[in-house]
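Subject: The two-chain structure, over to you

Hi,

Here is the structure I promised to pass on. Have a look at it first, then read my notes below.

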Amino acid sequence: MTGLGSGVDRRSVLRGALAVGAVGATATGAAADPAATATATATATATATVAPASTDASAGGGFPFHGVHQSGVLTPKQRCVSLVAFDVTAADRAGLSALMRTLTERLRFLTEGGVPEPLGITAPPSDSGVLGPVVPDDVLTVAVAAGSSLFDARFGLAALKPRRLRPMEAFADDDLDPAWCQGDLLLQVEAANADRVAHALRDVAAHTRGAMQVRWRIDGFSSPPRPAGTPRNLLGFRDGTANPDVSDARAMDQVVWVCAGQGEPAWATGGSYLAVRLIRMLVEFWDRVSLNEQERMFGRQKNSGAPLDGRSESDAPRYSADPAGDVIPMDSHMRLANPRTAGSDALRMLRRGFNYDRGTDGNGNLDMGLLFCSFQQDLDRQFVAVQKRLAGEPLVDYVTPFGGGYFFVLPGVRDATDWLGRGLLG
Amino acid sequence: MRRRWVFGGALALLACAGAGAVGWEQAGSGHPLTAPSSGTSADGYPGLPHTSVQISPGGCGAGWDRPQPGLQVFDLHNTGVAPEDAYVEDPATGRVLGEIEGLAGGAVRPMLVRLGAGSYAFQCLPQDTDAVTGPTVRVPGGAGGSGGAGSGSAGGGGPAVVPVTQQDLIPPTLAYQKWVGAQLPGLVSAVDVLRAAVGRGDSAAARAAWLPAHLDYERLGAAYGTFGDLDGSISGTTKGLPGGTSDPGFTGFHRLEFGLWHGESAASLGPVADRLAADVRTLQSRWAAARMNPKDLGLRAHEIVENTIQFELTGRTDYGSGSGLATAQANLQGTAEALDLLRPLLRTRMPELPQIDAALAATTREVAGLGGVPVSGLTLGQQEALNAAFGDLVTRLAPVAAVCDVRRTS
């Protein structure tokens, strides 16, 4: 039992990280050089710090809505998530600005909680009541991100597009369905319980029906540690091991946040690139594969999460002692993704994926998989580079990426007068 | 039965004599009663100020001794026997800020309100007895005044509006009945054209005649509840029919549509067309004696569009003609008619009326701009724009129903 105290600790740690991030943003121009980044983060711990929140992260344990960065990036993964991509239907830039202001207002209220306004006999109730009469202030994070299509001709934002933002390319082993790709905006809604997520979505929909329409939506969950350590994906392996330490503000400025001096538009400072990959896992096929083969595909032991040459999850693999891949195959997922050579720290990103389970496909096969989400300051240097390294890995026979997209997480809402996208639209 | 409408009241199509003399039923039978609260301490607002207030003819408003501004809960206690409605209102303007409906004798229920600085009073409306207004209470200005942003009331209070009474709703409802009555001959003759084409076995002519006849019916949306069973017979879908499209209970426009667009010979559809023609004639002959429930008009103003979204924009009611957008347009026309008749009541009560009109106009333009394509043939962008327009419209129309609910004031 972690008790209430852990929620408080986590929150204050995070507050510290966010606050430091503001300072760091002004001082990290030099860190744009990948080599410097590599040196700086070489000692970063391999222990996963993006752990799922315990379910008792309630009773006022929410994260502050206002800050330099949005919540939902460095904050602990919650048990329930909904990824909802929207297309903006507002007619013009003023309409888009109004949408972002409305969205900010609603998310501020939903995050901070409170009594929904009584509207008397003038209107239906202002709140669905799904959470009872008072919206609680337990954890709800909603990260809002923009897709490249928001920067097309409609709103006159082309010149302000983040440099790396574009439609997600189809990688070698992808089978993308356009209906499950892209979107002008993406909301990543997280909470400890599904009703909190559903309530937030209903509220947002009710206030934005005319200005944006859902393009695709998929719900997911984060598993508890089984029995300890990083949560497992639905292939049974731990997912997110070796993430950078989110409490290390300096590392976050080198891995996650867009900082001044990176050649990005000024408004983008404090934001982050989000790569979303909707990946079906052929779990029934996978269950018919021998354990040895499974472990060699990942490069890790299934039970402990340890590298095949190690004893515990936090052990670093010693590739230098295994140059031919006799123990950890050269084409294993872990080794391809991060060879741990000089310079490969520049590849590091913050992985923050969720599992999904959405019933069965048309043939009655279980439809489960991974909502891969990674945050990085440079899409190409980090996510894309790693993805290209993984081309043709043995694991691709067991997974089918079918959707997702690239998005840019907007900088945080600073205070009660600020709004999401103000730097871009204001 | 297709019947999509949430029809709270009893069948109101009465074949009684004395058609000119309209007798209005008490609309209260259609009011859903909220479940009584289990007690004041369990109302779920532990952090807010609570004031216990008596609701009874003899002591209406008693107990409100320490008025304060801001968000707060009144725990209303009906100390009498008869059920009562209760309002908190501005006694000078009659604008109601909060309402509890059907408070049972002996029961206590919470009423959440936000009060700004100003004068307020409780009004107690016991069933079958005249209303009583309690003492006027002055609420001072103060910290609580800050949170009422966007409210329609001065001084930081929540939004308030003068209730709409049954008396208020009689003129627009009568006008609507009259308007429907004036539409019915057109419907009857359009169905006759359709029936004739079916009768002579001319499928092409029947398909051409089907749409205008169907649209004539689809414009009457606010009246369907009053049409009663005839509506199911005239425009029902296969919903609830075990035999689906071959169920003998599947009749009317959509049965004809299914046949005409699925290669059934026009001749074989003769009995369906005959029945439809008979049904619309029955509708016409009975209409003069019909009484619409006065609460229908406000409700339908948003329910028509709700149903367009649910059944037309999804293609649910498309049995082959692909005319969902034309139906949607007819529904919008019906909505506009209802809204126009309610306009005198809404003008003083809904400052957002111009935005509602603008949304209705924008939605009409959106549908018109798409032409006669089936909903299934729209591109993603077209679908999103269409759904956004309807979604925006229906959100804005919802308060019309809330404001136009039938309430007492005396």
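Before the notes, one term you'll need: two residues are in contact if their C-beta atoms, placed from the backbone, lie within 7 Å. Also keep in mind that this is a predicted model.

With that in hand, start with chain A. Take its contacts with a separation of 6 or more: 79% of them are between residues 24 or more positions apart. Chain A has 426 residues, and 50% of them are buried. Its secondary structure comes to 10 helices and 9 strands.

Now chain B. Here 46% of the 410 residues are buried, and the chain has 10 helices and 8 strands. Among its contacts with a separation of 6 or more, 73% come from residues 24 or more positions apart.

How do the chains meet? On the chain A side, 18 residues are in contact with 28 residues of chain B. The chain A residues that touch chain B split into 9 nonpolar, 6 polar and 3 charged.

Next, the cores. Which residues have the most contacts inside the largest nonpolar core? They are A:Ala145 and A:Leu185, in a core of 97 residues. Strand β1 of chain A (residues 80-88) supplies the largest share of this core, with 7 residues. There is also another core lying apart from it, with 90 residues, including B:Phe74, B:Ile234, B:Ile304 and B:Leu360.

Leaving out residues up to four places away in sequence, A:Leu185 touches A:Phe86, A:Val88, A:Val144, A:Ala145, A:Ala146, A:Gly147, A:Leu150 and A:Met212.

Last, a helix pair in chain A. Helix α3 (residues 93-112) of chain A packs against helix α4 (residues 194-208) of chain A at an angle of about 150 degrees, and their axes are 10 Å apart. Angles over 145 degrees count as roughly antiparallel, so α3(A) is roughly antiparallel to α4(A). The crossing of α3(A) past α4(A) is right-handed.

If you want to find the contact on screen, pick these residues:

- from α3(A): A:Leu99, A:Thr102, A:Leu103, A:Arg106 and A:Leu110
- from α4(A): A:Ala200, A:Asp203, A:Val204, A:His207 and A:Thr208

By type, the residues of this contact between α3(A) and α4(A) are 5 nonpolar, 3 polar and 2 charged.

Cheers

Terms used. Residues are numbered from 1 along each chain as its sequence is written. Chains are lettered from A and ligands numbered from 1 in the order in which they are written. This is a predicted model: local features need pLDDT of at least 70, side-chain atom pairs count only at pLDDT 80 or more; totals for chains, interfaces and linings use all residues. Ala, Val, Leu, Ile, Met, Phe, Trp, Tyr, Cys and Pro count as nonpolar, Asp, Glu, Lys and Arg as charged, and the others, Gly among them, as polar. A nonpolar core is a set of buried Ala, Val, Leu, Ile, Met, Phe, Trp, Tyr and Cys residues joined through C-beta atoms within 7 Å. A residue is buried if 20 or more other C-beta atoms lie within 10 Å of its own, exposed if 12 or fewer, and partly exposed in between; C-beta atoms are placed from the backbone. Helices (H or I, at least four residues) and strands (E, at least two) are DSSP runs, numbered from the N terminus. Axes are lines fitted to C-alpha atoms, for helices over the stretch in contact, and angles run from 0 to 180 degrees between N-to-C directions. Angles under 35 degrees count as roughly parallel, over 145 as roughly antiparallel, 65 to 115 as roughly perpendicular and the rest as oblique. A crossing is left-handed if the near helix is turned anticlockwise from the far one by less than a right angle, and right-handed if clockwise.
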